[in-house]
Amino acid sequence: MVMLNYKGSPRDVATMAHELGHGVHQELAKNKGDRIKRSPLTFAETASVFGEMLTFKSLLKAAKTDDDRRRLLCDKINDMVNTLYRQISFHDFEKRAHGAVKATGRALSADEIAGHFQAALVESYGDSVNLPEDYGVIYPYISHFMHSPFYVYAYAFGDSLVNALYQVYEEGSVPDFEAKYIEMLEMGGTLTPEHLKATFGLDITDPEFWKKGVKTIESMIDELEALCAPLLKPQQAPAANTPSGP
Ligand SMILES: [Zn+2]
């Protein structure tokens with residue numbers, strides 16, 4: 001059973017694809033037995049994010065107007081950038097805050113924690129986003145920081161893995177991809193990075209693996225830029241913006 005809210009927006013369709021991915025993953029891995037059927041965090045989002053990507057590509061293909069295509073791409077890129085870069089900056093914040101506790105041997109004040117959050121985000125965004133000066137105070141809004149420290153990194157890892165896997169799928173460089181993909185999901189908690197390397201040629205110790213993932217986002221940004229070009233006047237440069245949402 002998959003339970004979710006659904007009102008028919010493209011985002012709802014993506015969410016349904018995501019949650020059904022979890023359902024399919026659990027169904028395929030259920031014969032593994034209780035102790036090993038559950039994937040570790042790093043692989044837990046594989047089927048869900050892959051399903052979302054397949055659905056996104058099919059929606060994009062079916063889109064009738066450039067406006068629809070721009071909207072779909074914009075939302076997807078926003079999600080991907082948030083999942084990868086923003087979660088990595090969250091991880092950096094946790095390293096800073098936990099590191100400061102270790103170095104000083106005392107608890108940090110709320111202002112100090114907010115300062116670390118602000119500093120990590122400012123470094124990550126550079127001059128592309130103008131953060132309000134007091135933006136750092138929103139850190140308690142991300143519940144992972146309290147309930148599962150360092151969880152955020154799993155999002156960046158999981159998304160990069162799926163992006164790389166999707167690249168391999170699209171290139172058609174792995175014969176019998178579909179059978180191998182299903183077999184991988186059936187492995188549940190026994191899936192290892194070695195298996196990924198042997199089956200799909202994806203080696204997480206190789207920088208090329210990570211670049212493959214980033215390339216997926218890059219090519220979508222290229223596609224969006226090409227679609228937006230007719231709307232921009234030649235001298236018009238894109239302005240820095242303020243982030244919305246977590
Ligand atoms: Zn999920």
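Buried means under 20% relative accessible area, exposed over 50%, and partly exposed in between, computed with a 1.4 Å probe on protein chains only. The model is predicted: local features need pLDDT of at least 70, side-chain atom pairs count only at pLDDT 80 or more, and totals for chains, interfaces and linings use all residues. Residues are numbered from 1 along each chain as its sequence is written, and side-chain values use heavy atoms, with hydrogens and water left out.

**Exercise 1.** Describe the site of the zinc ion.

Step 1. List the donors (N, O and S atoms within 2.8 Å of the metal, or 3.2 Å for Na, K and Ca; water is not among the atoms, so sites may look incomplete).

Step 2. Read the spacing in sequence: H-x3-H-x22-E. His 18 in helix α1 (residues 10–29) and Glu 45 in the loop between α2 (41–44) and α3 (46–62) are 27 residues apart, a pair that links distant parts of the chain. Helices here are DSSP runs (H or I, at least four residues), numbered from the N terminus.

Step 3. Check accessibility. His 18 is buried at 15%, and Glu 45 is buried at 19%.

**Exercise 2.** Is Asp 176 buried or exposed?

Step 1. Locate Asp 176: the loop between α7 and α8 (177–186).

Step 2. Take its phi, near 55 degrees, a positive value in a residue other than glycine. Most residues other than glycine have a negative phi.

Step 3. Apply the cut-off: Asp 176 counts as exposed because its relative accessibility is 60%.

Definitions and conventions. Helix = DSSP H or I, 4+ residues; strand = E, 2+ residues; numbered from the N terminus.
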